[in-house]
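I opened my notebook to work through one protein chain and to write down, entry by entry, what I looked up.

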Amino acid sequence: MDALHNLTSDGLQHEIVITLKDFDNVQTYARYDNIVIGSEDEQYTLKTLGVYSGNAEDALRHNVDENFTTLDRDNDKHLMNNCAQIFSGPWWYFQCNPGSQLFGPYNSERYNKRIRWSLEKDNNVKFVEVKMKHTGPKIM
């Protein structure tokens, strides 16, 4: 997370593209044109994503302003539980809702123990590729 913070907070604009493939081999993608991740002191907050484009859902958007939670660092805003423990992986958890979760276990069956990318439907992901690149001066 330190590397992602350092990369996205260098004063330049960075794009992230997330490519997904489900168990029916349907491939989709989500592109955000201005991702910024906070520092360790800020609990690696997902500060901004910029403009979305793609044919996958905008399933990461609801996690903006959320802190990154891991099994050993409960930074989410859920008062009773560590969401990373409930969903078996680190992520930015809005209201302990993993509408998107790219660091979950590879499992096609169990609802709360899998990689996913959907706020609206019960989909499972078998392949994820995340790419980032510098795209120009920072958008204000």
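Which residue takes a positive phi in the hairpin of strand 1 and strand 2? I found that Asn-25 does, with a phi near 65°, in a hairpin that has four residues between its strands.

Before going on, I noted that this is a predicted model, in which local features need pLDDT of at least 70 and side-chain atom pairs count only at pLDDT 80 or more, while totals for chains, interfaces and linings use all residues. I also noted that residues are numbered from 1 along each chain as its sequence is written, and that side-chain values use heavy atoms, with hydrogens and water left out.

Entry on strand 1. I took strands (E, at least two residues) and helices (H or I, at least four) as DSSP runs numbered from the N terminus, and I called two strands paired if DSSP finds at least two bridges between them. Strand 1, residues 12-22, pairs with strand 10, residues 125-137, in the antiparallel sense over 11 bridges, and six bridges join strand 1 to strand 2, residues 27-32, again antiparallel. I then followed Thr-19, which stands opposite Glu-129 in strand 10 and has Tyr-29 as its bridge partner in strand 2. Eight of the 11 residues of strand 1 are buried, where buried means under 20% relative accessible area, exposed over 50%, and partly exposed in between, with a 1.4 Å probe and protein chains only.

Entry on Ser-100. This residue lies in strand 8, residues 100-101, and is buried, because its relative accessible area is 0%. Its side chain reaches the backbone oxygen of Ala-59 at 3.1 Å, and a polar contact of 3.3 Å joins the side chains of Ser-100 and Asn-63. For a polar contact I needed a pair of N or O atoms within 3.5 Å, where within protein one must be able to donate a hydrogen and the other to accept it, and where residues adjacent in sequence count only if both atoms are side-chain atoms.

Entry on salt bridges. I counted six, each being a side-chain nitrogen of Lys or Arg within 4 Å of a carboxyl oxygen of Asp or Glu. In one of them, Glu-40 meets Arg-73 with the closest N and O atoms 2.9 Å apart; this pair links distant parts of the chain, 33 residues apart. Glu-40 is partly exposed at 37%, and Arg-73 is partly exposed at 41%. Lys-47 and Glu-42 form another salt bridge, at 2.8 Å from N to O.
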